[in-house]
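User: I would like to learn how to read the features of a protein model, one at a time. Please give the general idea before each case.

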Amino acid sequence: MPTDEDKPPVASVLMVDDRPENLLALEGVLKPLGARLVKARSGEEALMHLLRETFAVILLDVQMPRLDGLQTAELIKQRDQTRHIPIIFITALSREAAWVFKGYAHGAVDYLLKPVDPEILRAKVRVFCDLFVRGERIRRQALENEVKDVFLASVVHELRTPLAAAKAQTQLALHQLSEGGGEPSTARALRVISRQIDRLVRLVGDLLDVNRLDTSQLELNPTEFDVSALLEEIRARMESLGEHHAIRIVAPAGIKFFGDRDRIDQAITNLVSNAVRYSPDGGDIEVKMEETSDGVHVAVTDHGLGIPKEQQEHIFERFARAHGTSYGGLGLGLAITKGIVEQHGGSIWVESAGVRGKGSTFHLLLPQPRADRSTPPRVHPVSP
């Protein structure tokens with residue numbers, strides 16, 4: 001069943017005047033806007049409506065018995081839930097500046113004198129109604145995204161436990177098979193299962209990392225480490241997974257960096273994995289690293305499909321895939337890599353002719369902290 005949140009937002013206008021004929025006239029002027037028009041014949045009645053709902057704008061007559069318009073406006077502005085609602089005063093009082101200034105001092109955003117020009121009034125109210133509708137759409141979108149993020153985080157956490165248990169059982173079965181001399185075909189099947197579990201674990205980890213980046217909850221544990229040694233580890237690990245891609249490291253030895261070693265490992269591994277995935281014809285993959293005056297510069301070059309020019313602007317967005325679903329993956333690796341690099345205060349970009357065989361080069365620049373290394377790198381906001 002549709003809820004109020006599912007319906008298109010509609011602006012409401014509160015019209016306050018002690019004379020019914022004036023309210024009727026305002027209703028006739030504003031009806032073409034399609035807004036919801038609510039009438040109040042006193043300041044007290046207006047305050048009761050404001051307790052129950054919010055409005056895009058309030059049209060408030062100044063001259064009313066008991067609680068006049070200026071006093072009503074003052075009470076409206078004293079309440080946190082209503083002080084943001086724009087008020088347009090409508091009055092037949094003198095045009096003297098003192099009255100106008102008094103109206104603005106009580107929270108008016110505009111001040112119209114009777115007789116009011118219908119076109120002018122309609123135009124002014126339309127602006128506030130449009131602003132309200134846009135703001136409501138943004139609020140709903142933000143709420144929807146927040147609910148999705150909480151749901152995603154919950155699902156990811158729930159998946160990690162059974163995956164870890166399945167992995168442990170698979171490893172135990174492989175160990176028992178090796179000791180008991182089991183069927184080779186059974187061992188092969190278990191290894192396939194184990195690799196697929198590893199793939200699922202990586203996907204779950206990527207989803208969790210994206211959620212952490214979106215909520216600025218990705219924590220860094222900085223230490224000083226040898227970047228050159230890390231690149232060699234990545235090369236050995238990645239080359240063991242396939243035979244069609246030789247990974248060459250071009251880097252001076254002993255380059256140190258102060259940052260989160262595991263996260264930098266994840267970022268560079270993502271770039272190398274991306275190079276392997278989009279090089280279906282094979283070919284060398286080069287990982288080049290140098291220390292510059294700006295920090296540590298890493299470039300990962302492949303000779304694969306390349307990235308079309310029109311896709312390069314969006315390639316670091318979540319779920320972006322330059323070549324569709326043909327080559328697998330969720331399109332999260334580059335978004336996560338960008339987030340990790342930016343959390344370290346660095347930058348990432350790509351160069352590609354977009355031609356098959358000429359491939360792409362992903363550049364990663366990590367600034368080398370010069371200050372006290374006992375403090376972590378600055379945390380920068382992450383782009384959506």
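**Strands and their partners**

Analyst: Strands E3 and E4 run parallel and are joined by four bridges. The model is predicted, so local features need pLDDT of at least 70 and side-chain atom pairs pLDDT 80 or more, while totals for chains, interfaces and linings use all residues. Residues are numbered from 1 along each chain as its sequence is written, and side-chain values use heavy atoms, without hydrogens and water.

User: What holds strands together in general, and which residue of E4 is the bridge partner of Leu60?

Analyst: Strands of a sheet pair through backbone hydrogen bonds, either parallel or antiparallel. Here strands (E, at least two residues) and helices (H or I, at least four) are DSSP runs numbered from the N terminus, and two strands pair if DSSP finds at least two bridges between them. The partner of Leu60 is Phe89 in E4.

User: In what order do the five strands of the open sheet lie?

Analyst: The order is E2-E1-E3-E4-E5, with parallel pairing. Strand E2 (36-40) and strand E5 (108-113) are the edges, each pairing on one side only. From one strand to the next the twist averages 20°; angles run from 0 to 180 degrees between N-to-C directions, and axes are lines fitted to C-alpha atoms, for helices over the stretch in contact. Strand E1 (residues 12-16) is joined to strand E3 (residues 57-61) by four bridges, and Val13 has Val57 as its bridge partner in E3.

User: Which strands does helix H1 touch?

Analyst: Contact means heavy atoms within 4.5 Å. Helix H1 (residues 20-30) packs on the sheet and touches E1, E2, E3 and strand E4 (87-91), its direction making about 155° with that of E1. Helix H3 (residues 69-78) lies across E3 and E4, at about 170° to E4.

User: How do the side chains of a strand point, and how many residues of E4 are buried?

Analyst: In a regular strand the side chains alternate between the two faces of the sheet. Buried means under 20% relative accessible area, exposed over 50%, and partly exposed in between, with a 1.4 Å probe and protein chains only. In E4, five of its five residues are buried. Ile87, Phe89 and Thr91 point one way, and Ile88 and Ile90 the other. Over the protein, buried residues make up 40% of the 384 residues.

User: Where is Arg66, and is it buried or exposed?

Analyst: Arg66 is in the loop between E3 and H3. At 66% relative accessibility, Arg66 counts as exposed. Its phi is near 60°, a positive value in a residue other than glycine.

User: Which residues does the cis peptide bond join?

Analyst: The cis bond joins Lys114 and Pro115, with omega about -5°. Pro115 is in the loop between E5 and helix H5 (118-180).
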